[in-house]
Structure formats: C-alpha cells, structure tokens
Amino acid sequence: MDGVLNVLKPAGMTSHDVVSAVRRIYGQKRVGHAGTLDPAAAGVLPVFLGRATRLLEYAPTEPKIYRAEWLVGCSTDTEDTAGTVTAAATVPAWDMAAWQQLANTFLGTIRQRPSAYSAVKIGGRKAYELARTQQQVELPEREIRLDEFVITTWQPPVLRARIICSGGTYIRALGRDLAAAAGTAMTMSFLLRERVGSFCLETAHALEEIAAAPETVCAPAETIVAHLPRTELDATEGARFRNGMTVPAAVQGTVTVWAENEFLGTAEGDGRYIHPKKVWTVQP
C-alpha cells in the first residue's frame, strides 16, 4: 500500500518502534517516518508507506507545536525524568508573570545546543549512543526559531508551557537553557507534540485504531505534497512526463504534476519547462 498515516505515538515507544508496528500491520517493509519523537514523548508522528516514502522530502515539517512540562529544582543527564539526577537547585519564588517574562527572551531566532542524549550524529554515530557509553558529547550549536513560548501553568515545582517552533528544536534543551537563565535547574517530565506541519493531534490515530482499519486511516500519498503548487498537463504531455521527459510549462520552482486528475509526480520548473524529479507513475 502507498499512503501516509498520522500516528498518535504513545509515550514509551521509540519512533522506530512505531515504524516496526506499522510494518507488521500492513505486511510491508517500505515504511518511514518524519520528525523523530523521543521515546518518552507522545503525539503526532507522520508515517509513510510504500512509494510515499519517496515524497518524504516534501512533507511539511513546520510549524511544530508542543505541550511541555518540567520539574523545576533538579536536572538529569538526559534532561528528562528518564535520566539520572545530576544536580539539585533552589526553586525560584516566582510567579507566572516572571516566568513568562523570561520565556519571552527566547522568542525569535536563537542558537541552541542539542541535548547530548539526542539522535544528532557525530562521526556516523548517534549522540545518545556515545553518551550512554560515558563518552563526552559536545554538540555544536544550531540556529532555531521560537514563534511562541507561553507559560500555561506554574504550580511549584511543575512548570508547563506551549511552544511553537521550527524544526531542529529540542524541547529538553529549551528547558535546560530556561533553567540556566533562571539560575536554577529543571528536567522535562512530559512532552506532547500537537502538530507537525499539516499533521495535527485531532486527526491522529492510535496504533490500535490503525490495526482495526488499516485502509480507512491511510491517506493518499499525494496529500503529502498538497501544499505545493499544482501543474496540469494534457494526456500527451502527461505521457512524456511519465517517461521522465521535460515538458513545456511556464512555472517556477517545485510543483506537483497532474494529468487527467491523476497524480504523476513532482518536478522543478525553470520558467519555461518542468523537469521531472519524482515520477510517481511509469508508462507501461
């Protein structure tokens, strides 16, 4: 089967565990996912089946929306409650307004150092693999963007927030840096991803739901590229495109290509021609 699933990943499963479960449900090996979620996190995980994996690069990954919870006053080696406590600190006698004022200083484009226990690769190995063997892990900073960082609850020692951010943002690391700015320590105790691009929590399906109705919950593969401009070809031009040939079209940039209401693939337009990039159907 070719298509896309909006999976509600439960806490306690890795993203790879979800892919393995989907492979078993559909009885096929060609399955991939976008936007890795930490094992302790729950929420939206887009999963792609069959030929839809070829369209992964086009999947909209922003905005990312999270609900996060931290325990203030302690830190761990993994920056979440799955790790070992490494430090304790005084819980600030602040109100929500003070926390919000500090959170506001993180808005916009900032630099962040990913968590040592992350899937970022160092010399071909994932950082968390090195960290688990007690090797020193020092990841370079990267540029991220926070569009919203709203403190929703402060019930000492529990702090909760809603975050809208760019891809590549580590919420555990955000808590670490917020704590440092507040002169305390904190560790993430809960994380829920509500949205990734066009994939949202309201339309996500648990693995049990998917297993009960695998064909019903699987959306057509072309929904992945629904956000891209659409170019229509006639039957003759469509046949040329199917065979990987350039076709005249006054469009620029990445587009989806259709003929007679059939999705043919994606292409790059230079203003005069479209050049096939991912040909979805091949002329027999």
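Reader: Which residue lies over the face of W258?
Author: R230 does, at 3.8 Å from the ring centre. Keep in mind that this is a predicted model.

Reader: And what lies over the face of W280?
Author: That is R51, 4.4 Å from the ring centre.

Reader: Is W280 buried or exposed?
Author: Buried. Its relative accessible area is 9%, and buried means under 20%.

Reader: Switching to ring pairs. How many aromatic pairs does the structure hold?
Author: Seven. One of them joins F48 and F199. That pair is edge-to-face, with 6.5 Å centre to centre and 85° between the planes.

Reader: Where do F48 and F199 sit in the chain?
Author: F48 is in strand β3 and F199 in strand β13, 151 residues apart. Both F48 and F199 are buried.

Reader: Back to W280. Why is the pair of F263 and W280 tilted?
Author: The planes of F263 and W280 stand at 50°, so the pair is tilted; the ring centres are 5.6 Å apart. F263 is in strand β17, and W280 in the segment after β18, so the pair ties together parts 17 residues apart in sequence. F263 counts as buried too, at 4% relative accessibility.

Reader: Which residues form one aromatic cluster?
Author: W70, F106 and F149.

Reader: New topic: N6. Which strand is N6 found in?
Author: Strand β1, residues 3–9. N6 is buried, at 9% relative accessible area.

Reader: What lies 2.9 Å from a polar atom of the N6 side chain?
Author: The backbone oxygen of C200.

Technical notes: Residues numbered from 1 in each chain as written. Predicted model: local features only at pLDDT ≥ 70, side-chain atom pairs only at ≥ 80, totals over all residues. Heavy atoms only, no water. Helix = DSSP H or I, 4+ residues; strand = E, 2+ residues; numbered from the N terminus. Buried < 20%, exposed > 50% of the residue type's maximum accessible area, 1.4 Å probe, protein only. Polar contact = N/O pair within 3.5 Å; in protein donor to acceptor, adjacent residues only side chain to side chain. Phe/Tyr/Trp six-rings, centres within 6.5 Å; stacked < 30°, edge-to-face > 60°. Lys NZ or Arg CZ within 6 Å of the ring centre and 35° of its normal.
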